[in-house]
Structure formats: C-alpha cells, structure tokens
Amino acid sequence: MLHPNYYVELEKYNKVISTPNRKSDIYNGIFDRWVNPVVTRRHIPLTWKYDLDMNTNPYFMERLGVNAVMNSGAIELNGKFYLVCRIEGNDRKSFFGVAESDNGVDGFHFWDYPILLEDTCPEETNVYDMRLTKHEDGYIYGVFCSESKDTSVNDLSAAVAAAGIVRTKDLKTWERLPNLKTLNSPQQRNVVLHPEFVNGKYAFYTRPMDDFIDTGSGGGIGFGLCDDITHAVIDEEIITSKRKYHTITEAKNGAGAVPIKTDKGWIHIAHGVRNTAAGLRYVIYAFATSLENPAEVIAEPSGVMIAPLGKERVGDVSNVVFTNGAIARENGDVFIYYASSDTRMHVATTTIEKLKDYVFHTPEDPLRSVECVAQRCELIKKNLEILKNQ
C-alpha cells in the first residue's frame, strides 16, 4: 500500500525540479552566474530514498538518504544536456547518476536508476568525480576516481586513489575497463582523457601524487600517452600547468573539464588549491595549450576565474568550487558546471569567443607584489587617459 506522505513529498520534489532559473546580476564580462543551483540533494527522486510501502515504512522514513550532489561530468547528446553526478549517500559512499535537462540551466531530473558499475575491483570502496569525454574513436569515456583502503598503514583514513575508466555510447550501458596505470606516480586523481588522438595515441591529463592527500613531488597537471585504452599504461608524465608559490595553485592543482578546442588552442578549465588559516581553498582557473602539442601551455591568465561567493561558500567542505564538466555547443555557447562546498551543483554560461578573449588577452601573473601593482598601474593609466579624452 502506497504511503499517503508520498504525495506530500512528491509535490515538494516537483516544485524543486520545475523552478525556473535566471541569470545573476553579478558581472565580470567573462561569464554569467545563475542564481539557483542546477542540481541538489532535493533533486534526488523519492524512490531512491524512501520505501514507499506503508506496511514496511509506516512513518515514511528515509531509508537510504542522500547528503549531497556534486562534481559532475557533463555532455550534450541529441540536443539535451546530461550531468553524470557524484551523489553522496548518508553513508558517505558516492555513486553516479544521470540527470537530464532540455536547456542546461534548470529542469534537471534524474533517470530512474543510478549507474551500477561492473564490480571488477574487489578492493574498491568508493567512486567519484567522473569526467566525460566524447572521443574521436566513437566512444564516450568516463574517467573517475577509484578509491581503496591503504592497507600498508594502520590508519583508517589512509586511502589509495586510482583513475577508473568506463566507456559507453548512450550513458546507459557502461563497459568497465582496467584502471589507468602510471608507472612513475603511485596514485592518481583528477584524470581527464583528451578528446583526440595525439600522435596516434590516447592522451591523458593526470595529477601525479605521492599519496592520497598530498601531491608531494607532483609539480602540477601532468600529461601522458598510452597505446591501448583497454589496458591503459602511461610510462612518462610531463607537467603542463605548473604549481607555483603564492598563487592559487600553490598547494595543488588538477585538470577539470575536458579541454575545449578553439582555433587558437585547447582551453582548459581546471582547479587550483591554496592553504589558508581556515583550511584549503579551491577555485577554478583557466589556461590554454597548443593545438599541435596539447601538453604545451601557451596562455595562462592571472588568478582565479570562478571563486566561491555567498552561499556557495557554505557546505560540507566550505570555501570550495570545483569543476569536472563543461559543455561547448556548436553555436559557440559554453556551459561550465561546478560544485560549491562539496554540496550542490551550479552552472555558469559563457561563449567560446569570451573564453578565448579571457584566456589569451588577460595578463599573466608576474608572481611578485611589486610587479603586480605595476601591472595594475599600467591598466589604470591607460583607463585614465581614455576617460580624459572623452
């Protein structure tokens, strides 16, 4: 017998997923923020959380609750927008679910079932943060973090991170491939598959790590090639976007969305991390690599592109924004999906032309305060001359 409280909660759920979104009045010329989060835990279907049977759930309790929805891969297929969301249950285990929207800024609703991956790694405890790549070989690849217990130490928080790989053609049937192996890096997170072959090989952006938390000797975002993605092995990683002292990437940085191809280069939307008195602060930044050599950085504008603002700063892990999904449409529109404070998903919209202008014409960071002030004074001088001549 269906519990009558189901209809009460269903009305609330339908209101959430049907609420229209609108652009924020916050302006920077680079992108538009949207006021409402696009996916939250309130978007999770009731059938995923409640036992609807009044006989076995007389108080209509959440049996399998959901804590957060975050860090989502993004892709456009047949004119629709899809997010493969990281969904964290109340039990702290993460899993993936597909949310669909007609316009990419609101109306996201989950398919009937979450993604049940093949259980090929008995030691795997948790999976999260999938990047989706439409590859020129015809497959859609999902690269995600596969986390296992580190049994080499007597510490319940010690873990081992690897890059898991799956592929699909419809987001419904997924084939699990062996995890990526990087011969010179014990652990990997934030791995992104490049959408095109490079020198006839599959190309990955990596993040070399010595252990689960620390990047250690990893100097930034890595790049490596492999011959066979069904048994992916990278024997050499070179560093692309480097970590730098007293910048937004000082503590660590990692690849975010799949790079966007433009006529001037590949545009990357990544994350950088620095230490503060309140803990780690995650922000989003951009850079570009060469069309001929996707490992070569050719432009890197100074500072942060997206930082947490207002309510975005509050959540399970505060003062964080993180992206692992963006959609660049054929008409030139770009949708950047980002999570705030490991709690909810947002969208920022821009265009290819604006991104190119931002990445290639914004000055680089001169890395010293005195030079940064001189850089700013030059801008002020130019602007005062313009105003004077009006």
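Hi everyone. Let me start with a term: a residue is called buried when its relative accessible area is under 20%, exposed when that value is over 50%, and partly exposed in between. Please keep in mind that what we have here is a predicted model.

With that cut-off in hand, take lysine 356. Its relative accessible area is 10%, so lysine 356 is buried. It also has a partner: lysine 356 makes a salt bridge with aspartate 263, and their closest N and O atoms are 2.7 Å apart. This pair ties together distant parts of the chain, since lysine 356 sits in helix H2 (residues 352-361) and aspartate 263 in the loop between strand E19 (260-261) and strand E20 (266-276), 93 residues apart. Is aspartate 263 buried or exposed? Aspartate 263 is exposed, with a relative accessible area of 60%.

As a reminder, side chains of opposite charge can pair when their charged atoms come close. How many salt bridges does the structure hold? The count is 16. Among them is the one between lysine 23 and aspartate 32, at 3.6 Å from N to O. Lysine 23 is partly exposed, at 46% relative accessible area.

Glutamate 9 pairs with lysine 12, with 3.1 Å between the closest N and O atoms. Both residues lie in H1, three residues apart, which is about one turn of the helix. Glutamate 9 has a relative accessible area of 23% and is partly exposed; lysine 12, at 43%, is partly exposed as well.

Helix H1 itself covers residues 5-18, and its 14 residues reach 20 Å from first C-alpha to last, close to the 20 Å expected at 1.5 Å a residue. Which residues of H1 are buried? They are Tyr6, Tyr13, Val16 and Ile17. Looking down the axis of H1, you would find these buried residues within an arc of 85°, so they line one face of the helix. That buried set packs against strand E5 (109-110). On the other side of H1, Tyr7, Glu11, Lys15 and Ser18 are exposed.

Next, a pair from strands. Serine 340 belongs to strand E24 (residues 333-340), and asparagine 71 to strand E2 (residues 66-77). They are 269 residues apart in sequence, but their C-alpha atoms are 8.7 Å apart in space. Serine 340 is buried, at 0% relative accessible area, and asparagine 71 is buried too, at 3%. Beyond its neighbours within four places in sequence, serine 340 contacts Glu312, Val320, Val321 and His346.

Asparagine 71 has one more thing to show us: a positive phi of about 30°, although it is not a glycine. Histidine 246, also not a glycine, has a positive phi of about 55°. Where is histidine 246? You can find it in the loop between strand E17 (238-242) and strand E18 (252-254), and at 62% relative accessibility histidine 246 is exposed.

Let me finish on the surface. Ile380, Leu384 and Leu387 form a nonpolar patch there, with about 310 Å² of accessible area together. Leucine 387 is part of helix H3 (residues 369-388), and its relative accessibility of 61% counts as exposed.

Definitions and conventions
Residues numbered from 1 in each chain as written. Predicted model: local features only at pLDDT ≥ 70, side-chain atom pairs only at ≥ 80, totals over all residues. Heavy atoms only, no water. Helix = DSSP H or I, 4+ residues; strand = E, 2+ residues; numbered from the N terminus. Expected span 1.5 Å × (residues − 1). Buried < 20%, exposed > 50% of the residue type's maximum accessible area, 1.4 Å probe, protein only. Arc of directions from axis to C-beta. Contact = heavy atoms within 4.5 Å. Patch = residues over 30% accessible without salt bridge, like charges linked within 9 Å, V, L, I, M, F, W, Y side chains within 5 Å. Areas by Shrake-Rupley, 256 points an atom, 1.4 Å probe, with all protein chains shown as cover. Salt bridge = Lys/Arg side-chain N within 4 Å of Asp/Glu carboxyl O.
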